[in-house]
Amino acid sequence: CNCVKLVLLLSVLSLGVSSQPITDSQRLFSIAVSRVQHLHLLAQRRFSEFESSLQTEEQRQLNKIFLQDFCNSDYIISPIDKHETQRSSVLKLLSISYRLVESWEFSSRSLSGGSAPRDQISPKLSELKTGILLLIRANQDGAEMFSDSSALQLAPYGNYYQSLGADESLRRTYELLACFKKDMHKVETYLTVAKCRLSPEANCTL
């Protein structure tokens, strides 16, 4: 009986020693993934609500235009497919995620998830950006990576804030919501894969 107790005690102690170094990173990653999942859901909801307010022909035309267009954040170099994502380092995935979130700092002011505090998009993006920066600092030495951070901030979707005609305004709103949804999906994917890398035994296949 004493032998069994000793074995159990040693098992608990060894588990604690082996998992201790990644506890903080795992916790930060869990928070970041949870926050971007919430933002992605908000983005999907806002996009669906906007689409449902359109006529069928308007939806078809806007979707056709968007497929031929591109998002401002497409200038940020990121993995082209799931295989490249899986081959990318944790630091690279964090860096890309940071830049994607940062690119929405201005444009997000035009997005509203709802009146409830948990549905406010801009504050949630700011919290997520801070969390990703903490993870980056925990995974690299120095801050040279962000010495040119200001140069990476993208313009808030061209003339989105200028006075536009009805059709152009409709297109801009559609583009803004579609791009936000697309980028939050990217960040969610990158952070989920990066988080998985901290668990050697986990299957990180997308």
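Ser-97 touches Ile-132, Val-187, Tyr-190 and Leu-191, leaving aside residues up to four places away in sequence; contact means heavy atoms within 4.5 Å. The model is predicted, so local features need pLDDT of at least 70 and side-chain atom pairs count only at pLDDT 80 or more, while totals for chains, interfaces and linings use all residues. Residues are numbered from 1 along each chain as its sequence is written, and side-chain values use heavy atoms, without hydrogens and water.

Ser-97 lies in helix α5 (residues 90–102); helices are DSSP runs of H or I with at least four residues, numbered from the N terminus. Ser-97 counts as buried because its relative accessibility is 0%, the limit being under 20% relative accessible area with a 1.4 Å probe on protein chains only.

The largest nonpolar core has 42 residues, of which Leu-128, Phe-180 and Leu-191 touch the most other members. Such a core is a set of buried Ala, Val, Leu, Ile, Met, Phe, Trp, Tyr and Cys residues joined through side-chain atoms within 4.5 Å.

| Helix | Residues |
|---|---|
| α5 | 90–102 |

Leu-128 touches, among others beyond four places in sequence, Ala-32, Val-101, Val-187 and Leu-191. Leu-128 is also one of the buried residues of α6, which include Leu-125, Ile-132 and Ile-136. Residues three or four places apart in an α-helix point the same way, because there are 3.6 residues a turn.

Technical notes
Helix = DSSP H or I, 4+ residues; strand = E, 2+ residues; numbered from the N terminus. Buried < 20%, exposed > 50% of the residue type's maximum accessible area, 1.4 Å probe, protein only.
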